[in-house]
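Look at the fold below. Begin with the strands, then turn to the pockets.

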Amino acid sequence: MKLKTILLASAVAIGLSGCVIPTDRTYYKPEDSFGEAVASQSCGYLRTNRDALKQSFDDYSIKVNASQDGRNGVTISVSALVDKPLLDINDIFFDTNKVRLIQPEDREKLKTKNAFRHQSDGTIWLSRTFLLPDAPFEQVIELELAPGAITIKGSPSERMVFKFSLTTTFDVLYFSINC
């Protein structure tokens, strides 16, 4: 009985403290000249956790990250965070027709995979996830949000460009039950 208790306590301790695995990571590294490098998620990789780009403006910010998709494509996530307490979620519009690839060139239009929107305590969050099929080894992903891709109470957003380069590097993967 004591052995079971010790094993259970050990398993819980490991689960709560987390697990660390040394590994190589192949990912789309954000190019700093196209915005501020930020983390796309709270847990995961240690050295390469800043794998998204963020551009901030007066009342909103846009965050983009690109990642390899398990179906031999690239997933591109675009999220807008609007911090304007007097706005309603219906005052903001995301025009996916104004989102286009600059690189790779001559590709079909991005396909919208998911769409999400949420309002809480004066902050509005809009998210679109796009799929670029048949692109598992694209060396560069460059995305443009044309003026008006996001419209906030009739005011169009500025033109924004985000660029990522495929990179492989040594990293440490960490996770725990708290993530």
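Predicted model: local features only at pLDDT ≥ 70, side-chain atom pairs only at ≥ 80, totals over all residues.

Residues are numbered from 1 along each chain as its sequence is written, and side-chain values use heavy atoms, without hydrogens and water.

Start at strand 14, residues 160-175. Strands here are DSSP runs of E, at least two residues long, numbered from the N terminus. Two of them pair if DSSP finds at least two bridges between them. Strand 1 (residues 19-30) runs antiparallel to strand 14 over 12 bridges. Here Val20 faces Tyr174 as its opposite residue. Strand 11 (residues 140-145) is also antiparallel to strand 14, with 6 bridges. Leu145 stands opposite Met160. Tyr45 has Leu173 as its bridge partner.

Now the pockets. On a 1 Å grid over the protein atoms alone, a pocket is an open set of points where a 1.4 Å probe fits, with protein on both sides within 12 Å along at least five of seven lines; lining residues have an atom within 4 Å of a point. The largest pocket has 18 lining residues, with Ser40, Asp51, Asn65, Ala66 and Ser67 nearest its centre. Strand 5 gives the most to this lining, 6 residues. Strand 1, strand 6 (73-83) and strand 10 (123-132) each supply at least two.

The second largest pocket is lined by residues including Phe57, Lys84 and Glu158. Strand 12 (150-152) and strand 13 (155-156) each give two or more residues to that lining.

Note on methods:
Helix = DSSP H or I, 4+ residues; strand = E, 2+ residues; numbered from the N terminus.
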